[in-house]
Each structure stands twice: as C-alpha cells, then as structure tokens.
Amino acid sequence: MSNTPATPMRHRSWYLPVAVADRLSAVIDELHFTTRRPKHEILSAAVDVALEHQADIKARLTKDAAA
C-alpha cells in the first residue's frame with residue numbers, strides 16, 4: 001500500500017516569523033492528533049478557511065498600513 005495521496009501534491013517553502021510558524025505547526029499537530037486526518041488535509045482545510053476570509057485578511061493588512 002502506498003502513502004502517496006491520490007490528489008497531485010506540490011511542496012512549497014514559505015518564510016514566516018518563528019512565532020507564527022510555531023503556532024501553525026502546533027495547531028496542525030493538535031488537529032492531526034484530534035482528527036487523525038493527514039496533515040496535508042488539515043493544512044488544506046486551514047488554507048480554504050483563510051481564503052474564505054480573504055476580505056478580513058485584506059482589511060487587517062490595509063488597516064496596519066494606514067496606521
């Protein structure tokens with residue numbers, strides 16, 4: 001049996017502040033152990049939620065830029 005997901009996958013590297021990367025890693029780990037879902041599925045769900053709130057992200061970024 002292969003561990004290769006049926007969905008095509010792509011590896012990306014992103015630079016984040018250490019504290020943000022640590023928080024993201026912690027929540028992914030917590031959800032992995034709680035749901036027993038693969039980490040790539042959890043990260044995909046997290047990105048989907050973020051994309052659904054793109055206007056909130058833009059508002060936060062533009063509010064900070066205007067300050």
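**Figure 1. Two salt bridges in a predicted model.** Let's start with the charged side chains: searching the whole of this predicted structure turns up two salt bridges. Side chains of opposite charge can pair when their charged atoms come close. The next two views take you to each pair in turn.

**Figure 2. Lys 39 pairs with Asp 29.** Look for the salt bridge between Lys 39 and Asp 29, where the closest N and O atoms are 2.7 Å apart.

**Figure 3. Arg 37 meets Glu 41.** Here is a salt bridge formed by the side chains of Arg 37 and Glu 41, with 2.5 Å from N to O. Arg 37 has a relative accessible area of 45%, so this residue counts as partly exposed. Glu 41, at 30%, is also partly exposed.

**Figure 4. A nonpolar patch on the surface.** Which residues form the nonpolar patch? They are Trp 14, Leu 16, Val 20, Leu 24, Val 27, Leu 31, Leu 43, Val 47 and Leu 51, and together they have about 800 Å² of accessible area. H1 and H2 are the elements that each supply two or more residues to this patch. The most come from H1, which gives four residues.

**Figure 5. A closer look at Trp 14.** Trp 14, one of the residues in the nonpolar patch, sits in the segment before H1. Why does Trp 14 count as exposed? Its relative accessibility is 69%, and exposed means over 50%.

**Figure 6. The setting for these close-ups.** Stepping back, you can find three helices and zero strands in the protein. How much of the protein is made up of buried residues? Of its 67 residues, 4% are buried. The accessible surface of the protein is about 6,400 Å², and carbon and sulfur atoms account for 60% of that area.

Notes:
Residues are numbered from 1 along each chain as its sequence is written. This is a predicted model: local features need pLDDT of at least 70, side-chain atom pairs count only at pLDDT 80 or more; totals for chains, interfaces and linings use all residues. Side-chain values use heavy atoms; hydrogens and water are left out. A salt bridge is a side-chain nitrogen of Lys or Arg within 4 Å of a carboxyl oxygen of Asp or Glu. Buried means under 20% relative accessible area, exposed over 50%, partly exposed in between (1.4 Å probe, protein chains only). Patches are made of residues with over 30% relative accessible area and no salt bridge: like charges are joined within 9 Å, nonpolar side chains (Val, Leu, Ile, Met, Phe, Trp, Tyr) within 5 Å. Accessible areas come from the Shrake-Rupley method with a 1.4 Å probe; for residues, only the protein chains shown count as cover.
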